Structures are given as structure tokens and as C-alpha cells.
Amino acid sequence: MRLQLRYYGDPILRKRASDVREFDDALRELAEDMIATMRREAGVGLAATQVGIEKRVLVALQMENPEDSEAPEIVMVNPEVLDRSPDTWIYEEGCLSIPGIRGDVTRPEGIRVRYQDLHGKSHVIDVDGMFARVLQHEIDHLDGKLFIDYLSTGEKTLLKTRLKKIAEKYASQQAPPR
Ligand SMILES: [Zn+2]
């Protein structure tokens, strides 16, 4: 199934997605479609809420550096950050749901993540660098949080008009609020 990307202004991007309890064929199909969408849009990660599905599922490239677009993908179901390193770093992030906008975001360098795979098996992994950043960005999406939320008040003010334009441009494609 071809998934429709949701854009800034769509209320679903502000919703907390629900835990997945059934590890069935429908879930595996969703993950496959999400990977295809991420690849098609040249993204490095995608959360289910970004395609209008309120489930705690993300796909991401296991990147070692920002140029590593050939990195293999991973699917995480019900991901949760268990621990964060005290070290942080700044990187200019973007988001498929907020086209054309980028901004510096400070995030922990390393994280410990617990997630389930498509069969429901639990895993705990320690990741750092670019991959850790992508995962934090995507897990934020599942909690209704966007990278622009981390920007300073001044930066947000500067982006206000451009964000409004994005919301208006895509308003016709968005599903009506439920
Ligand atoms: Zn995003």
C-alpha cells in the first residue's frame, strides 16, 4: 500500500501513538511500506504517525555518519529510550514532514533503547552518533514531538511564516481531525 506522508499542521503529528500489541502480518506489511516510503522520500527515518498511523512503529537507517545513506534499515516496535549519555552534540536536523526547514538540535550523543522486533521479541541496544540521533528524532515523533520544538524562541519566531505556509500548502491533503 502506498502511504501518504503527513505534513506540519496535521494534528496527527502532535498525537502520542499507541503501543503495538499484535505482531501480525498487517504490522509487517506496515513496516515494509514505511521502509519503501522512507526510501522513496530519501529520508533516514520515518515514524508511523508521519504516515497517519497512530502506532508505535519506526523505521530508520543504521547510519554511522550523515552520508551513510546505504546503511541497512531497522524496524523498531514500541521503542523506548532507557538511558541517555551526559554528552550532547549539535546537528542541523530536518524532517520529511516539515519540508525545507532545518535547525540545530542538541541531543545526547548516546542512548540505550529497548524495542520489539516484528515478531514481538524484545531487544536492548546501545547506540551513538548519527543513528542515536535519528532514533531520538523518530521516537519523539511517536510522542507527538517535532524537532522544531527544541529551537529557541527567536529561531521559532523566524520560522513562523514558513511553517504557516507549509501548514496551508498541505492542508488540503490532511485528513480532517477526528
Ligand atoms: Zn521527522
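Ile-111 has its place in strand β6 (residues 110-116); strands here are DSSP runs of E with at least two residues, helices are runs of H or I with at least four, and both are numbered from the N terminus. The model is a predicted one, in which local features need pLDDT of at least 70 and side-chain atom pairs count only at pLDDT 80 or more, while totals for chains, interfaces and linings use all residues. Residues are numbered from 1 along each chain as its sequence is written, and side-chain values use heavy atoms, with hydrogens and water left out.

With a relative accessibility of 4%, Ile-111 counts as buried (buried is under 20% relative accessible area, exposed is over 50%, and partly exposed is in between, with a 1.4 Å probe and protein chains only). Its C-alpha atom is separated by 7.4 Å from that of Leu-82, 29 residues away along the chain. Neighbours within four places in sequence aside, Ile-111 is in contact (heavy atoms within 4.5 Å) with residues including Val-81, Asp-83, Ile-125, Ala-132 and Leu-135.

The zinc ion comes next. Its protein donors are Cys-95 through SG, and His-137 and His-141 through NE2, at 2.1 to 2.3 Å. Donors are N, O and S atoms within 2.8 Å of the metal (3.2 Å for Na, K and Ca), and sites may look incomplete because water is not among the atoms. Along the sequence the spacing of the donor residues is C-x41-H-x3-H. His-137 and His-141 are 4 residues apart in helix α2 (residues 129-142), so about one helical turn separates them. Both histidines, His-137 and His-141, are buried.

Helix α2 also figures in the largest pocket, to whose lining it gives the most, with 5 residues. The volume of this pocket is about 420 Å³. On a 1 Å grid over the protein atoms alone, a pocket is an open set of points with protein on both sides within 12 Å along at least five of seven lines, whereas a cavity is a set where a 1.4 Å probe fits but cannot get out; lining residues have an atom within 4 Å of a point. Grid points are joined across faces, edges and corners, and the volume is the space filled by probe spheres set on them.

Aromatic rings of Phe, Tyr and Trp (its six-membered ring) pair if their centres lie within 6.5 Å; planes under 30 degrees apart are stacked, over 60 edge-to-face, and the rest tilted. By this rule there are 2 aromatic pairs. Tyr-7 and Tyr-170 have ring centres 3.6 Å apart and planes at 15°, so they are stacked. Tyr-7 lies in the segment before α1 (25-40) and Tyr-170 in helix α3 (residues 153-170), so that the pair links parts of the chain 163 residues apart. Tyr-7 is buried at 10% relative accessible area, and Tyr-170 is buried at 11%. The other pair, Trp-89 and Tyr-91, is tilted, with 5.7 Å between centres and 50° between planes. Trp-89 is partly exposed at 24%, as is Tyr-91 at 25%.

Most residues other than glycine have a negative phi. Ala-42, however, has a positive phi near 55°; this residue lies in the loop between α1 and β1 (45-47) and is exposed, at 67%. Asn-78 has a positive phi of about 50°, but lies in strand β3 (residues 73-84) and is buried, at 14%.
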